[in-house]
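Subject: Structure handover

Hello,

The structure I promised is below, followed by notes on what turned up in it. Please read the notes with the structure open.

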Amino acid sequence: MIQAPQPAKSREHDILQARQPAKRGSSKGLADAATYLILALLSLFCLLPFAWLFEGAFDPRASLYLQAPSRLTLDNFARAFSQSGALTLLVNSLIMALGAVVIVVICASLAGYTLSRLQFRFKRALMYGILLAQLIPVTATIVPIYSIFITLHLVDTYQGMVLILATYQLPLALWILKSFFDAVPAEIEEAAWTDGAGRFRAIYAIIVPLALPGVSAAALFTFINAWGEFTLPLILLSSQDKLPLSLGIYRAYQAYYLVDYGQLTAMSLLYMAPSLLFFIVTRRYLTRVTVVGATGG
């Protein structure tokens, strides 16, 4: 059977329909290319400060501007340790941050377990009240804190700094650990009680090991926040031999026209290293924190 020829308008319509997918594919490819180009430019913009830090730390002619180093040297680090007392500053920061981590992990474990297992009125309101304390800026409470520290003779002491850093990091750690304790079945510790274990032994021998990812994550967030704290040490510390590394870098940059950029960038790399190491050790727990925190009570 011979088919009748299609009208000219029908043939043009079929040709246009065949070309449309190709046009859509071409437009999508251009959009993807533009997206990747923008992301690459943003990534380059974010990486430039780190490139300047690494270049300046090993460049004997480090300056305010990014430049190719003539040679690589460790002299900037040597001057940072010998002239700026970077080792003392680093040790002070570690004492304060690690001390805060120890206090927070112990207190948040006990309080998180209690809030997870006990049921009482206004429990949800108490939890939100604890979280609200985390949202109050440090600068809003610095005057009463300073007054309390003067009364307790904690100004310009390691003990005072460790306590105040732990206090500000405790609410977030408590929320994290409560969520992890909620995910541990109560039947496990009840079986331990049946075998003769006391409550505290069951907590630290069974419950805490099962919630170890949450403990590690709480320790990570506490360390990073305490390590990066600037306002509290600036107000509460005055002795040069007790200053943390954050204030050491700040004071090295105060003399704007006399800044030793090689020494400053070397101290900045030293300041970044502990947080990066802490993150590398505990990074595998962060995904689980998000999942448990979203599903916990």
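Of the 297 residues in the protein, 36% are buried, where buried means under 20% relative accessible area, exposed means over 50%, and partly exposed lies in between (1.4 Å probe, protein chains only). This is a predicted model, in which local features need pLDDT of at least 70 and side-chain atom pairs count only at pLDDT 80 or more, while totals for chains, interfaces and linings use all residues. Residues are numbered from 1 along each chain as its sequence is written, and side-chain values use heavy atoms, with hydrogens and water left out.

Overall make-up

The protein has 13 helices and zero strands; helices (H or I, at least four residues) and strands (E, at least two) are DSSP runs, numbered from the N terminus. The accessible surface comes to about 18,000 Å², and 69% of that belongs to carbon and sulfur atoms; the areas come from the Shrake-Rupley method with a 1.4 Å probe, and for residues only the protein chains shown count as cover. Among contacts (heavy atoms within 4.5 Å) with a separation of 6 or more, 72% are between residues 24 or more positions apart.

The core

In soluble globular proteins, nonpolar side chains tend to be buried together. Here the largest nonpolar core has 58 residues. A nonpolar core is a set of buried Ala, Val, Leu, Ile, Met, Phe, Trp, Tyr and Cys residues joined through side-chain atoms within 4.5 Å. Helix α3 (residues 86-117) gives the most to this core, with eleven residues. The residues with the most contacts inside the core include Met 161, Phe 181 and Leu 236. Leaving aside neighbours within four places in sequence, Phe 181 is in contact with Ser 109, Gly 112, Tyr 113, Ser 116, Arg 117, Ile 207, Val 208 and Ala 211.

Aromatic rings

How many aromatic pairs does a search of the whole structure find? The search gives eight. Rings of Phe, Tyr and Trp (its six-membered ring) pair if their centres lie within 6.5 Å; planes under 30 degrees apart count as stacked, over 60 as edge-to-face and the rest as tilted.

Phe 223 and Trp 227 form a stacked pair, with 5.5 Å between centres and 20 degrees between planes. Both lie in helix α9 (residues 212-227), four residues apart, or about one turn of the helix. Phe 223 and Trp 227 are both buried. Together with Tyr 271 and Phe 278, they form one aromatic cluster. Ser 275, in helix α12 (residues 261-282), touches Phe 223 and Trp 227, not counting residues up to four places away in sequence. Ser 275 has 17% relative accessibility and therefore counts as buried.

Around Asp 156

Asp 156 is in the loop between α5 (138-151) and α6. Is Asp 156 buried or exposed? Its relative accessibility is 14%, so it counts as buried. The C-alpha atoms of Asp 156 and Leu 236 are separated by 5.7 Å, although the two are 80 residues apart along the chain. Apart from neighbours within four places in sequence, Asp 156 is in contact with Leu 236, Leu 237, Ser 238, Ser 239 and Lys 242. A polar atom of the Asp 156 side chain lies 3.1 Å from the backbone nitrogen of Ser 238.

Two backbone points

Most residues other than glycine have a negative phi. Phe 122, in the loop between α3 and α4, has a positive phi of about 65 degrees although it is not a glycine. Phe 122 is exposed, with a relative accessible area of 61%. His 153, in the loop between α5 and α6, has a positive phi of about 60 degrees and is not a glycine either. Its relative accessible area is 68%, so His 153 is exposed.

Regards

Definitions and conventions
Polar contact = N/O pair within 3.5 Å; in protein donor to acceptor, adjacent residues only side chain to side chain.
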